[in-house]
Amino acid sequence: MHKIFSFGFWNSIARLILRNRITIIILIGIATFLLSTQWKNMRFSYTEANLMPDDHEVNVKYNDFLEKFGEEGNLILLGVRDSALFTPEKFQAWNKLTDKLQEYPEVDHIISPASLQELRKFEDPKRFEMQPILEKNPDSLELKEFENKLFTELPFYENLVFSSHSNTIQSALYLNKELVNTKARKIFVLEELDPLIEEFEEKYDIDVRVSGMPYIRTLNSQNIVDEIGLFIVAALFVTSLIFFFFFRSVRATLISMFTVCIGVMWAFGVIGLLHYEITILTALIPPLIIVIGIPNCIFLINKYQQEIKKHGNQAKSLQRVITKVGNATLMTNVTTASGFATFILTDSQLLREFGVVASINILAIFILSLLIIPVIYSYLKPPKDRHLKHLTKRWIGGFVDWMEKMVRHHRIAIYISSVILLAASIIGIYTIKISGSLLEDMPQSTQFYKDVKFFEREFDGVMPLEIFVDTKRPKGVLKLSTLKRIDELEQFIQDIPELSKPLSVTRLVKYSKQAYYNGNPKYYQLPTSQERNFIMPYAKNLGSQEGLMQSYVDSTGQYVRITTFMQDVGTEKMESIEEDLIPQINKIFPEERYEVSLTGKALLFQKGTNYLVRNLIISLGLAIFLIALLMAWMFRSFRMILISLVPNLLPLLVTAGMMGFLGVPIKPSTILVFSIAFGISVDDTIHFLAKYRQELKANNWKIKRSVYAALRETGVSMFYTSIVLFFGFSVFMISSFGGTVALGGLVSATLLFAMLANLLLLPSLLLSLERSIANKKVLKEPAMNIIEEEENEQVIEENNPNN
């Protein structure tokens with residue numbers, strides 16, 4: 001009765017589809033059009049992806065910092081390492097360039113060599129004033145004197161305008177904090193700044209290096225945008241090529257490509273409908289849909305051609321495609337979608353959005369495949385004999401014969417190989433490192449990546465790390481004791497090679513003392529208590545002087561920031577720096593008098609990476625548990641669940657071991673490999689075990705005959721789909737992003753291992769454990785028949801109005 005109900009359900013679906021072909025075509029057209037209207041809501045991210053939830057302690061501290069001081073990642077740097085800059089013509093040209101940039105509304109203010117000011121002391125009345133160092137249109141001699149003065153007498157500008165390592169000069173563009181995280185930043189960088197820099201370089205033969213977080217983020221986002229189209233075209237080309245190689249049918253290839261193209265359009269529509277941003281993860285979904293959708297097409301078209309070859313009746317063939325493959329395809333897509341859906345349960349918004357869009361569209365591509373392929377084929381003539389030759393290809397038969405030979409005669413070798421792989425993988429796993437590098441995944445061949453490395457060498461980094469100090473009382477920052485504590489911490493930071501010389505209010509205080517002593521650089525230090533009394537009358541109006549350093553102390557004088565710039569270090573090194581910094585901070589700033597926290601975009605990304613890795617490990621565990629539950633429901637056998645998990649977990653361990661040996665770290669992009677690969681590879685297990693159960697009943701519970709029959713029946717389809725998936729995911733290796741390359745390569749390798757494990761290790765286990773599983777008590781009646789049985793075909797035919 002249960003079987004008839006299952007058949008009856010899918011038979012009803014088949015009749016519904018084939019009897020309402022025009023309606024289905026119209027509905028798909030309407031749905032595609034409506035979703036295409038949502039494309040306008042797709043937007044590209046103009047901020048770094050927040051890897052942690054808003055209420056996480058790290059985010060709370062960072063938001064508190066932003067509330068006091070505003071956006072900190074608003075600095076673009078223009079660097080020149082060329083002494084020719086200090087010649088009248090080129091210096092004047094540089095001055096004009098920065099003046100022109102200052103006119104843009106996106107630019108708040110610029111600190112540039114041409115506009116530098118010097119703090120000077122005046123007696124009547126007693127005051128300090130910022131005076132221009134250079135007059136307009138300086139001659140060669142004046143420029144030479146200015147260059148000498150800058151590098152020897154103005155330590156205030158060290159690492160702000162000139163490098164402490166060489167004669168490199170930089171201009172600092174502070175972008176408008178209200179516009180830095182909007183589309184205006186992208187327009188300014190790509191359409192205004194870059195063309196101006198290129199024009200300057202070409203005209204004056206000076207190499208200008210550009211960097212800073214807003215610049216890096218803009219070019220990185222643009223690379224993501226550029227690669228979406230590349231991935232889609234490459235995925236379509238590769239999968240269509242392989243599909244045609246297998247089927248040797250232009251018609252079948254075009255139908256499949258049409259189906260997945262509709263799926264891609266729906267994917268973009270879902271992203272727009274949900275108002276999600278295009279991130280480095282959501283950008284992977286459209287090509288992912290192509291790669292996952294093609295196996296659906298293979299199963300459906302392969303079954304259709306098998307039925308045509310068997311009896312030549314097109315109506316019956318289309319009916320059986322839906323009734324006999326629909327259930328299996330549904331369950332494999334559900335397990336794949338489940339693997340992605342586990343990301344929804346994490347606390348990371350980035351992962352949640354990826355999980356939502358991916359799982360929805362995996363189910364959508366299943367529905368599209370089930371509707372479009374039978375409907376289109378119903379309007380076409382049945383395939384000719386030449387289109388069915390691939391079903392009897394000798395080389396495929398040879399591959400199946402090899403698998404059967406291995407399972408029949410070399411099971412011990414299969415087990416030994418598996419154990420050796422497992423042992424090697426465990427050794428490799430212990431060498432894996434976690435990487436929180438912000439730049440590691442970025443395209444290393446690009447000029448902007450090389451520029452980042454230039455600024456790391458010359459200025460010790462471009463990624464801001466902030467130390468946020470709450471003195472717990474108004475004007476507490478201006479107390480000499482607090483300033484001395486800040487200076488002591490800055491001295492400690494300078495000794496850390498990965499951090500730059502810090503910027504804080506102490507620079508201005510030290511510069512005030514130097515100015516008091518008529519600009520003598522040896523007095524660039526904090527004043528004593530006595531000197532402070534002498535200097536105060538001169539400095540009382542200094543705070544209003546063009547807002548100099550005011551962004552480092554809040555309006556109440558209670559909060560102060562110390563900004564240092566980090567080199568691009570990984571998680572391990574960052575944790576080591578934290579371990580050194582935090583005890584020193586606690587020692588310098590007693591907790592009962594000060595509250596000090598580390599924050600800033602660099603730290604935020606590092607912490608976010610660790611948080612994401614933990615969440616993804618939980619996500620993988622959930623995926624394994626959820627899929628195990630699905631298989632428990634489908635097969636009603638605990639032993640079968642354990643047997644089926646072995647060939648799916650082993651490839652994951654092998655891939656993890658490969659990561660360790662190849663030096664591929666665990667990071668947001670590579671950790672996705674495991675959940676994606678597990679969700680896809682378990683599909684082969686379901687197909688094999690479903691066919692195996694069917695063969696057991698047909699062969700009177702004879703294990704060996706059933707295993708070999710299932711292997712021959714499912715081996716070809718599993719081989720086809722695995723090859724498509726292997727080359728489909730390999731497409732991601734053309735990316736310029738290191739993480740995406742690693743993702744593509746690792747998923748491809750994992751799926752190849754998974755295919756071999758399901759075709760060699762799984763049947764071997766079934767044969768070796770035949771006594772413990774070959775009985776009806778262990779293999780209870782399943783919750784559903786994944787593959788419909790031949791004995792029930794009569795039921796279909798009796799209900800088929802076309803027969």
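I started at Ile-76, whose bridge partner in E6 is Leu-173. Strand E2 (residues 75-80) and strand E6 (residues 169-175) pair in the antiparallel sense over six bridges; two strands count as paired if DSSP finds at least two bridges between them. Strands are DSSP runs of E with at least two residues, helices are runs of H or I with at least four, and both are numbered from the N terminus.

A note on the source: this is a predicted model, in which local features need pLDDT of at least 70 and side-chain atom pairs pLDDT 80 or more, while totals for chains, interfaces and linings use all residues. Residues are numbered from 1 along each chain as its sequence is written, and side-chain values use heavy atoms, with hydrogens and water left out.

I found four strands in an open, antiparallel sheet, ordered E3-E6-E2-E7. At its edges I noted strand E3 (107-111) and strand E7 (208-211), each pairing on one side only.

Then I looked up what covers these strands. Helix H7 (residues 213-247) lies across E2, E6 and E7, at about 95° to E2; angles run from 0 to 180 degrees between N-to-C directions, with axes fitted to C-alpha atoms, for helices over the stretch in contact.

Last, is Ser-369 buried or exposed? Ser-369 is buried, as its relative accessible area is 0% (buried is under 20%, exposed over 50%, partly exposed in between, with a 1.4 Å probe and protein chains only). Ser-369 sits in helix H11 (residues 349-378). Among the residues it touches (heavy atoms within 4.5 Å) I noted Thr-259, Asn-296 and Pro-374.

Technical notes: Lists of a residue's contacts leave out its neighbours within four places in sequence.
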